[in-house]
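Hi,

Here is the structure I promised to pass on. Have a look at it first, and then read my notes below.

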Amino acid sequence: MKKIITTVLVFTLFQTMQAQKGFKPLFDGKTTTGWHTYGKTSASSGWKVEDGVLHFDPEAAKNGQGGDLVTDAEYENFHLKVDWKVAPNANSGIIFYINENAQKYKNTYETGLEMQVLDNDGHPDGKITKHRAGDLYDLIQSKSEPVKPVGEWNTAEIVCKNGKLTYVLNGVIVVETVLWDDNFKALVAGSKFAAWPAFGTFKKGKIALQDHGNNVWYRNIMIKEWNTMETTTGCK
């Protein structure tokens, strides 16, 4: 009980500090309010809330209870912050600018861009360039790899401002690019997404935490929308 009370107090303090900076929580630490499984109206039981943390549990996700967890709301210009950690050999991702037309697009990654979440050493994707933690998945390799060891918390930031995209991992800028220009279109054309005409084309969309079939944890999920921003990491 003492551990639970301490966790709640720490989470509440963090939320208060972030709110003072203009961020608002996307996860209340207690429920999946504001989120649902892609293509559904509520969150599947594979996503558990445990002591202020969102945990994807592959055992609980059996019998169709998995799927990517998606925000109810759409976002355009924003600064997203989220802590993540993975189990050994695990894979996940933070996907954004998703168009949730589930009848037309069966998966979040058919439209959305991804910041890779990964055990670089244990998962096979760690051997693939542009598939490692912090990469703009399959498009741009991270400038460096400030990712922490498996089981430790990482802080990821995704900043989107009028087409400029910046990824920050543990306080280090790892990816900077411009979306939707000719260079970006060339990157897509040379990627695994080349045959999907809607991929990376939407300038407003939902945000998702990916079910890749492995244990992964997320916490302290905060967002600041551009029209409320005073300062932004990496995006000037």
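**What I found**

Residues 24 or more positions apart make up 68% of the chain's contacts with a separation of 6 or more, a contact being heavy atoms within 4.5 Å. Before you go further, please keep in mind that this is a predicted model, in which local features need pLDDT of at least 70 and side-chain atom pairs count only at pLDDT 80 or more, while totals for chains, interfaces and linings use all residues. Residues are numbered from 1 along each chain as its sequence is written, and side-chain values use heavy atoms, with hydrogens and water left out.

**Confidence**

The chain has a mean pLDDT of 91, with 87% of its residues at 70 or more; pLDDT is the predictor's confidence in each residue, from 0 to 100. Over residues 228–236, though, the pLDDT is below 50, and this stretch has 25 contacts in the model beyond near neighbours in sequence. Where pLDDT is low, the predicted coordinates should not be read in detail.

**The chain as a whole**

You will find two helices and 13 strands. These are DSSP runs numbered from the N terminus (helices: H or I, at least four residues; strands: E, at least two). Of the 236 residues, 50% count as buried, where buried means under 20% relative accessible area, exposed means over 50%, and partly exposed is in between (1.4 Å probe, protein chains only). The accessible surface comes to about 11100 Å², and 51% of that belongs to carbon and sulfur atoms. Those areas come from the Shrake-Rupley method with a 1.4 Å probe, and for residues only the protein chains shown count as cover.

**Salt bridges**

How many salt bridges does the structure hold? There are seven, counting a side-chain nitrogen of Lys or Arg within 4 Å of a carboxyl oxygen of Asp or Glu. Side chains of opposite charge can pair when their charged atoms come close. Three of these pairs are worth a look:

- R219 and D83 meet through their side chains at 3.2 Å, N to O. R219 sits in strand β13 (residues 216–225) and D83 in strand β6 (residues 78–86), so this pair ties together parts that are 136 residues apart in sequence. R219 is partly exposed, at 26% relative accessible area, whereas D83 is buried, at 8%.
- E100 and K206 form another salt bridge, at 2.7 Å from N to O. This one links distant parts of the chain, 106 residues apart: E100 is in the loop between β7 (91–98) and β8 (113–118), and K206 is in strand β12 (residues 206–209). E100 counts as partly exposed at 22% relative accessibility, while K206 counts as buried at 13%.
- E176 bridges to K143, with the closest N and O atoms 2.6 Å apart. Here E176 belongs to strand β11 (residues 172–178) and K143 to the loop between β8 and β9 (154–161), 33 residues apart. E176 is partly exposed at 34% relative accessibility, and K143 is exposed at 55%.

**The loop between β8 and β9**

R132 lies in this loop too. What does the side chain of R132 make a polar contact with? One partner is the side chain of E145, at 2.6 Å, and a polar atom of the R132 side chain also lies 2.6 Å from the backbone oxygen of G126. (A polar contact is a pair of N or O atoms within 3.5 Å; within protein, one must be able to donate a hydrogen and the other to accept it, and residues adjacent in sequence count only if both atoms are side-chain atoms.) Leaving aside neighbours within four places in sequence, R132 touches Q116, L118, N120, D125, G126 and E145.

E152 has its place in the loop between β8 and β9 as well, and is partly exposed with a relative accessible area of 40%. Its contacts, again leaving aside neighbours within four places in sequence, are W84 and K85. The C-alpha atoms of E152 and W84 are separated by 8.3 Å, although the two residues are 68 apart along the chain.

Strand β10 (residues 164–169) runs antiparallel to β11, and six bridges join them; strands pair if DSSP finds at least two bridges between them. Y167 has V175 as its bridge partner in β11. Two residues separate β10 and β11 in their hairpin, and N170 in the turn has a positive phi of about 50 degrees.

Strand β3 (residues 47–50) and strand β4 (residues 53–56) also run antiparallel, joined by four bridges. V49 stands opposite L54 in β4. The hairpin of β3 and β4 has two residues between the strands, and D51 takes a positive phi near 50 degrees.

Cheers
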